[in-house]
Amino acid sequence: MKSTTAVFTVLISIGLAKASLADYQLHILHINDLHSRIEPINKYDSTCSAEDDVAGECFGGVARVATKINELRDRLVAAGENVIVLDAGDQFQGSLMYTTYKGDVEVEFMNMIGFDAMAVGNHEFDDGPGNLARFVEKADFPIVSGNIGATAGSVLDGKVVPHLVLNVGGERVALLSALAVDTAETSSPGADIQFSDEVTSLSDQVAALEAQGIDKIIALNHVGLTKDKEIAEKVAGLDAVIGGHSHTLFSNTIEGGIPYPLMIEGAKAVKVPVVQAYAYSKFVGHLKLTFDESGIVTAAEGDTILLDSSVVPNATIAARVAELAGPIEELKARFVAKTSVEIVGSRDVCRAGECSMGNLVTDAMLAQTRDQGVQIAIQNGGGLRASIDAGDITMGEVLTVLPFQNTLATLRIAGSGILAALENGVGKVEEGAGRFPQVSGLHYVWDPAAPAGSRIVEAIVVGPDGGTTPLDPDAVYGVVTNNYLRSGGDGYSAFAEQAIDAYDFGPSLEIVVADYLRAKGTYTPFTEERISTK
């Protein structure tokens, strides 16, 4: 395993502005969690229809990201300002663009836009470390993550740098990064990749950089807001934290947004700005930092910028997107069914309680396997990636909701194992973790105020005729889930360790759901207190 504390410095010069002996200003343009939203998105964060795009009802898409970053960078550079462009990870996974091209599209557009660095996100491991290594080799910019260790000789060995130093307008600006340590559970890094503690890793690297006389140090993390706040508090020497992973809306103008920047009291009584730019190509963040001659941040300001229809897509990139989309348009356009109202699959709902998308997906899973003796379906809320608006449902929308190409997995397991799975599922709701269990054939009550591991209050098995019986810890039940959870993903170790007669090779989940909807013709979304709180 490579040391994550070794000094590994990449020196890159950016910009022509010269640092003064006093204040130094740095502009950071940033995105995170693009999740392969190469094409414009609708208000539900799924791929926007051509009709809605023409009507001006779409957001984002990589061509708008290019327009806004180029516009801001060109203006700032012309004014003699210092600018860097960063991505806080999770370019992979979330649309047919990734399913089809496996990261080649994402890196092509990042190269065209001209990013200066990117952090590794957990979903960059979804197709194993080999696919991430291929992405790194194609990138014209460094990929950074300091708490990842790759076994010597493995495919990722030496590909990702622990930190780097940019020469920006005559000043050395260090970038370092941490990736969430539960990536082994949330993705597929494999046995050759290890993860060290985020705070310890960053602290060690800051010390190494300060020993080189570097006093401008930025963390470009993919750990989520809760951990970013802890990092800002505990890692002495950080000047700012640019984050991702939790898809948090920071905005000074949109209702419900967290103030941008969020100022956190740091380890040396210094305020540390923490920012994110939501997700899915919908925003670009712009953080302006002012440093004094000692390298202390004396001012931090900025905001996220909504990429709505007023942002004209970059013509060159838009044309290339259309070219790449051609081979998959026919599949995306296939009619599946109709829905009377929106099917809610939003992150904030499906990772905290019952959602109508969760009911749809688990009902489809259970309907597919009832004749195999299956009684209960469990799907992680994090596997549901978008909502579907009212009207016609296309295959493209179904694939946007379920982009991971998971297959159905069936197993038999004791009720005690199901209870352990449910406890795991509700154990990290405060962090917005994707493990939250959506269910069918089961109702459960949980207590948000109880400590993790003891939150399940009651679990009731619901039969096909609507009859109910308490879940018996000693009885064995038939369960259907997806192959990711069955193999222990998202912390569902009970499924991996206690399963009897497990079978992971059922139909793809998106096909199961599409067939279920097609048989319905018109689907009416619903919730019914399958999941409730004490």
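Is E458 buried, partly exposed or exposed? I looked this up and found E458 partly exposed, because its relative accessibility is 41%; the class lies between buried (under 20% relative accessible area) and exposed (over 50%), with a 1.4 Å probe and protein chains only.

I noted that the model is predicted, that local features need pLDDT of at least 70 and side-chain atom pairs pLDDT 80 or more, and that totals for chains, interfaces and linings use all residues. Residues are numbered from 1 along each chain as its sequence is written, and side-chain values use heavy atoms, without hydrogens and water.

I placed E458 in strand β22, residues 456-462; helices (H or I, at least four residues) and strands (E, at least two) are DSSP runs numbered from the N terminus. Leaving aside neighbours within four places in sequence, I found E458 in contact with H443, Y444 and V445, contact being heavy atoms within 4.5 Å. The C-alpha atoms of E458 and V445 lie 5.1 Å apart, although 13 residues separate the two along the chain.

I then turned to a sheet. Five strands form an open, mixed sheet in the order β20-β17-β24-β19-β25, where pairing requires at least two DSSP bridges between two strands. Neighbouring strands are turned by 25° against each other on average, direction ignored; axes are lines fitted to C-alpha atoms, for helices over the stretch in contact, and angles run from 0 to 180 degrees between N-to-C directions.

I recorded four bridges in the antiparallel pairing of β17 (residues 376-380) with β20. A377 has S440 in β20 as its bridge partner.
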